[in-house]
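Here is a set of questions and answers on one structure. Look it over before reading on.

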Amino acid sequence: MLTQDLFEGVTPRGKMLFTAGLGALLLLPEVADSYLISILTLIFWFAYVGQAWNVMMGFAGQLSLGHALYVGLGGYGAAALYMHLGLGPWVGMLVVVPVCALVGMAIGWLGFRFGVRGVHFALLTIACAEFTRVAFDHITALGGSGGLFLPVVGGRGDDLLMLRGSPQLYYYVMLVLALLALALCRIVTRTRLGYFWLALRENPDAAAALGIPLLRVKLLAVGLSAGMTAVGGVFYAFYYNNLFPDQVFAMGRSIEILLGPIVGGIGTVFGPVLGAMILTPLGEGASLLLEALGITLPGTKQVIYGLMLVLIICFRPAGIWPWLAVKAGLVVPPGETDLREKGEAE
Amino acid sequence: MSLSLYAGTLSSGILTGLVYGLAAMGLSVIFGVVRLVNFAHGEMMVLGMFAAVVLAAAWGIDPLLSALPVAALLFVAGYGLQRGLLNRFIDRPDHQQFILLLGIAMILVNGLMMVFGPDARSTNVPYGFDAFFVGGITLDKTRVYAAGGALIVAAALYAFFRFSRTGIAIRACADNQLGAAVVGLDVKGLYAITFGIGSAVVGIAGCLLSLVIDVRPQLAADYTLLSFIIVIVGGLGSMGGALLGGVLIGVSEALAGVLIDPSRKQMVSYGLLILVLLVRPQGLLGKRG
Amino acid sequence: MSLSLTVTGLTKHFRGLRALEDVSFTVPAGKIVALIGPNGAGKTTCFNLIAGVFPPDTGRVHLAKRDVTGLRPDQLCTAGVGRTFQIVKPFAGLSVLENVLVGALHRERRVAAAREKAAEMLALLGLDPQAHRLAGSLTLPDRKRLEVAKALATQPKILLLDEVMAGLRPTETDAMVATLIGLNRSTGITILLIEHVMRAVMALAEQVIVLDQGRKLAEGTPEQVTQDPRVIETYLGHDLPEGAGA
């Protein structure tokens, strides 16, 4: 029943490809080298946080350009709890996830209450993230601008509880997190709240006329999105073992987070995953290629990146996934769902 | 700290702020008319700065003079960009416009990075270390000239929108796009001119600022944000508001640099932005929509 | 299932422009009442004030005995007001069924049950063949029907319809009229409709309220109103309502 819900609208071919891909990912660490594993871990991370951002923008239609705030708060929060109180990351999450959800909802509440919307709301999210970034530069207890370093404990083997261990451990943890986020989003879009979000995204006035309390529904989207992102921040802290305000809170990180879902397909559940699968290797591939060609000019990679963005938004503005999924026969095209339902009834 | 030092800090903040205000005016004009948030604004500004640096290094042209060719160059670039690409995105959702301009911004700033590298450069004008002394206050010559230039351009911009046929047509477009189209105005053409003007203005602001600061490509994103802050603080669509917002940010940065800690000066700007967004979202001089 | 609506002294100005001035009327529970008037008479403003889009400058809105002035649109929906928009507002990226489902979810928390409710509404409005198409791809008459289906799905006790017949062919108008009358008979739902199509007004409304330049001009049965010299005067030089002169 649950899997049937999860795969609603997916063709047999789509299901098969997904299962095969997942199987390959599960077995891959047996054969892959550490470089490949690190790239895939990064892809999973971006798929995960992209999914989180997509909850707010893709489902509820609220543009955030400051999601680095929740990565940073989540990471710093869990790291501080670990270093000062000896609490592991999973326990830390119990603290930082609600905190970030509340911070997000507070920003949302302030903004929405005062009628700040659209681009102005996006600027408010940037301002809050940047404000916090500069503030963290000056919190000496957390290392300030010099950075916070988590102790690397070697030789104790893999410790899932404390999230200390080999690249394979991080690979599997991040894979599971990304899958959970995928499933969560898939389920939530089919709930009452999920439909209210979609209605809000499509037309707020019409949504209100149908009895949807806009403020509450918006805040729930921001809260879930921020809370999910915080988990990504915790993983970041324990994976890289160092945190610099200029890196985790930077606007560049906020943008990195939202590129995946936009390129992949905003408002779709698999879009953020596809976006991460395209962008991360693209960035890495460009680096390798430029290295091979002996081009060492700084900025070349970003120029290629920028060109890609312009091309994608010009030619596939709804993202690559909606187009690809139909083209490759992975999902039932929208508008033909009645055919599917008839097929199921037989 | 002595009073004259305060006065000096204050006045240099005002002078720099006027140039910031000019840059923000470019953003405000584009947003007010084309309803497009130019996320590549700081990048265009840095483009202007590098043009000034190159002209100064190659032929010793004063940035005050190179403002003219730079303005022409950026007008053409902005006009072409709006005509060729942005006009097609006018009715697209916010996030698509954002991605497009973000892509353009990345190409611009990293293109500069490829050509000039990440190191700081300056225009090295002969009067770089000269100063005016007014009633015990020391004013850097470069800063005074830059602020004067900004005021002149701002006045010209105001006159253009107030008195010229094209300027009035553009304002009509901003008030009522459909109405403007109905009476036979070429709306998309006017959009292109507006984006050209906005780009030229920020290019000039870049030239002027290159007198005062060391130029690096990495500054671009900061100036984009700075322009946003000023426009929001001053009030969208208000030209006076942009100048006022610029001065306010310039002064608060300068004062924060002396009073608190230079590295925290950005916090003051962002704090101001958050405050204005929440308390007076239409900006200080903006009208409630 | 029915609810009376009373507005008293409703006044609204936009930047000094008078949109509505001291308008009072009552829609008795279970009745169908039409609000007519030339363009710019303040009909839609009146709807927006009742539905809570913005608060009136002065005046009150009562549902039965309850004062609902200044409530938000979603609170009014909960109070039993369903409304359609003159400029239709479909959730373009969702299917027709999902559009109505959103409305049905207002009173039905379980998605599966709400889906059934939504399907019933689509059948009622004759939209079931289009159920799985994207709402953005519908023709204008179908979008008008979708507006009604969405509003009805919230199970309102009073329905505000803003020009839902505009653009319909005469046979389609008759079908919509029959649907609304049937609904009114079977559920007792109160209906207030803004309408230019006089054919529909004459067939539906037991009472007609005429607005002109933000003020109430006349009120009465359709026959009384169409013979009222002031109403005829108002419509001269304006767009004469379709079918009124014939």
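**The A–C interface and chain B**

In this predicted model, chain A and chain C bury about 2100 Å² between them, 65% of it on carbon and sulfur atoms.

Q: Which residues in chain A lose the most area to chain C?
A: The contact takes 23 residues from chain A and 27 residues from chain C. Three residues together hold 36% of what the chain A side buries. They are A:Arg192, A:Tyr195 and A:Leu210.

Q: Which residues form the salt bridge between chain A and chain C?
A: The count between these chains is one salt bridge. The cut-off is 4 Å between the side-chain nitrogen and the carboxyl oxygen. Here the closest N and O atoms are 3.9 Å apart. The pair is A:Asp205 and C:Lys89.

Q: Which helix gives the largest share of the side of chain A that touches chain C?
A: Helix H8 (192-202), helix H9 (204-209) and helix H16 (337-345) of chain A each supply at least two residues. The largest share is seven residues. It comes from H8(A).

Q: How many charged residues are on the side of chain A that touches chain C?
A: By class, this side has eleven nonpolar and five polar residues. The charged residues number seven.

Q: What radius of gyration does chain B have?
A: Chain B has eleven helices and two strands. Buried residues make up 56% of its 289 residues. For that length, a compact globule would have a radius of gyration near 19 Å, and chain B agrees. Its value is 19 Å.

Key
Residues are numbered from 1 along each chain as its sequence is written. Chains are lettered from A and ligands numbered from 1 in the order in which they are written. This is a predicted model: local features need pLDDT of at least 70, side-chain atom pairs count only at pLDDT 80 or more; totals for chains, interfaces and linings use all residues. Side-chain values use heavy atoms; hydrogens and water are left out. Contact means heavy atoms within 4.5 Å. Buried area is the accessible area (1.4 Å probe) that two parts lose on being put together, summed over both. Helices (H or I, at least four residues) and strands (E, at least two) are DSSP runs, numbered from the N terminus. Ala, Val, Leu, Ile, Met, Phe, Trp, Tyr, Cys and Pro count as nonpolar, Asp, Glu, Lys and Arg as charged, and the others, Gly among them, as polar. The radius of gyration is taken over C-alpha atoms; the globule rule is 2.2 Å times the number of residues to the power 0.38. Buried means under 20% relative accessible area, exposed over 50%, partly exposed in between (1.4 Å probe, protein chains only).
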